[in-house]
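Let me put the structure up on the screen, and then I'll walk you through a few spots I'd like everyone to look at.

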Amino acid sequence: MPRQLMKGNEALMKTAMLCGCRAFYGYPITPASEITEAAAVYMPQVGGVFLQAESEVAAINMLYGASSAGIRCMTASSGPGISLMQEGVSYMAGAELPCVIADITRGGPGLGNIAAEQSDYHQVVKGGGNGNYRTLVLAPYSAQEMVDLTAWAFDLADRYRNPVVVLADGFVGQMMEPVEFPRSAVLPQSPDWAVAGNAKTRSNFITSLHMDPNSLEDHNNHLEAKYSEAERQETRAEQWLSEDAEIVLVGYGIIGRILKAVTAEARAEGIRVGVLRPITLYPFPISAFRRTADHARLFVVVEMSNGQLIEDVRLALNGARPVEFLGRTGGNVPSHQELLDFVRTKALEIGASHVSQKEQMAYV
């Protein structure tokens, strides 16, 4: 199949339909609006349902109904809209209803601005709703990963019967790149737990309400067992030139691309630098960090926030190695030169060893 040039947002929505998504409920917000626009154009063409809800609160509750009926469904928004959805996300996790939520992040807090930021990390990864629940969170750094991770998100949502969030900063959603879509489409199928409005499914009962304390505790333990299984089976991270790195640069989303460019230039100067990019933000790829800590001397976390990912990095390393931070907020992005100068300074501070002249030539 030939590659197509399009925005990450549109690529995400087209992938969703190829994966059997047949219901989209949402409300426009920059920088996520192209997802809603694409759903409005394409969903009717595949026999699906598109509805612009009156609010994000309404949209997430419409997903509750569609998912209960066994329909693969999704919504999309950005920070302020995701905030309004949090109660519904908790309800869906509690009722074990699968769905995919795209969060194309913008500046905050409050209305903030429409520039790209990464300040939704705590809200999405730690859960903004009530109760003991988690959402699985995937972080693409390219338009192609908007395709690949969206397809995976629908599979994970069904496998764990849980909401899955595709968390992409505004740059990834808005940039245009060539993408290649799955070569085959998934045909919609109704799972046996769904409520289809017929005699066969009449005994199915979907709720997040458990009035008896012991019953609710059993349900919470059941949910926790699912999340523990995901932590064992579903972690994913990209490691680039990190095998001998003494300074490891950590970032997700668009930051990962800056880290690679800086790493190549630093390597050309002889500094042993590598990249560790988490792709699953929950479950967090703890083992990748601990393996890398065996030889790394310093981790540098780079974020378009005031430091949210850094907390999980520190927890993963558990004090094994020092962690430094470089961040920008308000829609500003750490520049290539800013990060390169930071790396040079840290290399001098720790007395980092250098790669050989022959190795340096590979990055010139």
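Start with V248: its bridge partner in β11 is G274. That's one piece of the pairing between β10, residues 247-250, and β11, residues 273-278, which run in the parallel sense over four bridges. Keep in mind that this is a predicted model.

Now zoom out to the sheet. Five strands make up an open sheet, and the order is β9-β11-β10-β13-β14, with mixed pairing. At the edges you've got β9 (237-240) and β14 (323-327); each has a single partner strand, so one side of each is left without a neighbour in the sheet. On average, neighbouring strands here are turned by 20° against each other, direction ignored.

Where do we find L241? In the loop between β9 and β10. L241 isn't a glycine, yet its phi is positive, about 55°. N318 also isn't a glycine and has a positive phi, about 50°. You'll find N318 in the loop between α11 (309-317) and β14. Is N318 buried or exposed? It's exposed, with a relative accessible area of 65%.

On to the cis peptides. One joins T30 and P31, with omega at about 10°; P31 sits in the loop between β2 (23-26) and α2 (33-42). Another cis bond joins G108 and P109, omega about 5°, and P109 is in the loop between β5 (99-105) and α5 (121-125).

By class, the lining of the largest pocket splits into 12 nonpolar, four polar and three charged.

The second largest pocket comes in at about 250 Å³. Here 13 residues do the lining, and G94, N130, G131, S208 and L216 lie nearest the centre.

Methods. Residues are numbered from 1 along each chain as its sequence is written. This is a predicted model: local features need pLDDT of at least 70, side-chain atom pairs count only at pLDDT 80 or more; totals for chains, interfaces and linings use all residues. Side-chain values use heavy atoms; hydrogens and water are left out. Two strands pair if DSSP finds at least two bridges between them. Helices (H or I, at least four residues) and strands (E, at least two) are DSSP runs, numbered from the N terminus. Axes are lines fitted to C-alpha atoms, for helices over the stretch in contact, and angles run from 0 to 180 degrees between N-to-C directions. Buried means under 20% relative accessible area, exposed over 50%, partly exposed in between (1.4 Å probe, protein chains only). Ala, Val, Leu, Ile, Met, Phe, Trp, Tyr, Cys and Pro count as nonpolar, Asp, Glu, Lys and Arg as charged, and the others, Gly among them, as polar. On a 1 Å grid over the protein atoms alone, a cavity is a set of points where a 1.4 Å probe fits but cannot get out, and a pocket is an open set with protein on both sides within 12 Å along at least five of seven lines; lining residues have an atom within 4 Å of a point. Grid points are joined across faces, edges and corners, and a volume is the space filled by probe spheres set on the points.
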